[in-house]
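Hi,

Here is the structure I promised to pass on. Have a look, and my notes follow below.

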Amino acid sequence: MGGLFFIPMVGLLGILIALYRRNPQRFLNGPTEDAPLRLMRWAVGLLSPQRAEWGQAMLGELDHIDGRTRRLRFALGCVGAALVLPPWGRAAAGVWAMIALAAGAVGLYGGLAVHYRLGGGDWIAAGILTVFVIGVLLGASALVRRPGVAIPGLLGGLFIALVFLSLSGFTFLDQVLPDIVPWHPPVEVIVVPFLVGAAGTLWSRNPVVGRRIARLAAVTAGLGLFVYATIAVAAIGGGGPFDEDGGGTLRGTISDRLANNMVDLAVTTLVVATIGWGGAAAAGRFLRRTPPPTVSGPISPSPEPQQEA
Amino acid sequence: MQRNRPPSPQTINVLRALAADPAQWRYGYDLATEVHLKSGSLYPILVRLADRGLLDTSWEPGLDSRPPRHLYRLSPTGREFVAALTAGRVDRRVPHPHNRWSEA
C-alpha cells in the first residue's frame, strides 16, 4: 500500500514538468495576472455558453475595481454566482447525483459516530471529511457544466468503481476486511484510470475535455466507493476480528475502519485523478501526432460525405 | 417553466436603485456598492431581471485595451413593474382603518 502514496508524488512531478515544458518563462516567473483576475477567468469558464455575456460583464467590471482586497472579494462573489447561475441542463442531474453521494457519505459517517459513541478524534475526522467532500463537490459541479464532460465522466467513474469492486469483491466483508492481491492495486489505480482518461480524450478528440472527464471520473469513483465501504461498516459493524490498529475494542475497530475508508477516499480520488489526467494527456499527444484524415488525389465520385468515427 | 415568485428584498433594492434615475446607465459595481450587495448576489439578480425583460443592457467600449464594461438600466417594462410594485406597497399600507374611513 505504501507504493500507492508514491504514485501521486510521481504524478505531481509529471504535471510540474508538463507545465514547465508548456511555458518555461511563465513557470519560472509566475503568473503575469493577479489572483482575482485569474480566479475570475476560471469562474467565467464555468458559465454555460448562454451566459457568456455575463462572464464578460464580470471581467469588464473587475478591470475597473482598484485594491487587491476589493478585487478579490468581487471575484469570489462572481465565482459563487457562476456556480449557481442557471441554465444547468443535464449537468444539474450530475450535480444532484454527486450531492446525494456526498450527503450519504457524510451522513452515514456521522450516524456511525453517534451510534458507536466515537470520540472527539472521529468527529474531527468527520469535519475533515466534510471539508474534503465539499471541495470535491465544488470541483465536480464546475466540471459537469463543461460541454461533453458530465455523462462520460460519471460513466467513467462508475466503470472505475465497478473494476475496484470486481477485484476486491462485492460483499461488505470484502470491503471491511480486504484481501489485497499484489497485482490488484496497480490495475485499479493505474491501468484503469489511465485508460479512462485516454478514452475520454479519444472520444471527445480533445485532451482538455479528456482531462476533465478523468477528474470527474475520479471524484465519482472515489465518492461512490467511499459510500459503499461506509455502508459496509454500518452493516457489519464490529463483525469479524477486531482490528489491532483500533486497540482491539469495538469502538476502536469501527473508528479504524472508518478512518481506513477516509484514507482510501482521499488516496483513490487523488491518485485516480492524477493517473487519469496523465492518460488523457498521453492520448492528446497521440492525437496530435496522428494527422487528421485528408482527401488526396482525385475527388471521390461518391456524393456522400465522410463521417467522423 | 418560469416561476412567478414575488421579488426578494434584495431584488427590490436593486430595482429601486435603478428606478432612482431610470434613464441613466449604471455599472454593476456601483450598483452593488449602493445597495450593499456582494457580486455573488447582484449578478444573479441582474441576470433574472434581464431574462424577464425588466432590464436593458448595453456595453461601454473599453479604452486603452481595457475590456468593455456592461451597463444596466430599467427597460420600459421594468419601469412599469417598479411603478406597480410601489403601488402595491402603498396598497398594503392602505388597510389602516383611519384611511378607509376617510375614504368613505
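Predicted model: local features only at pLDDT ≥ 70, side-chain atom pairs only at ≥ 80, totals over all residues.

Residues are numbered from 1 along each chain as its sequence is written, with chains lettered from A and ligands numbered from 1 in the order in which they are written.

Of the 104 residues in chain B, 19% are buried (20 or more other C-beta atoms within 10 Å of a residue's own, C-beta atoms being placed from the backbone).

On to where the chains meet. Contact means C-beta atoms, placed from the backbone, within 7 Å; 16 residues of chain A are in contact with 15 of chain B. On the chain A side, α4 (52-62) and α5 (68-84) each supply at least two residues.

Then the core, meaning buried Ala, Val, Leu, Ile, Met, Phe, Trp, Tyr and Cys residues joined through C-beta atoms within 7 Å. The largest nonpolar core has 85 residues, and Met58(A) and Cys78(A) are among those with the most contacts inside it. Helix α11 (residues 207-236) of chain A gives the most to this core, 15 residues. Leaving out residues up to four places away in sequence, Met58(A) touches Met40(A), Val44(A), Cys78(A) and, in chain B, Tyr43(B).

Cheers

Terms used. Buried ≥ 20, exposed ≤ 12 C-beta atoms within 10 Å, placed from the backbone. Contact = placed C-beta atoms within 7 Å. Helix = DSSP H or I, 4+ residues; strand = E, 2+ residues; numbered from the N terminus.
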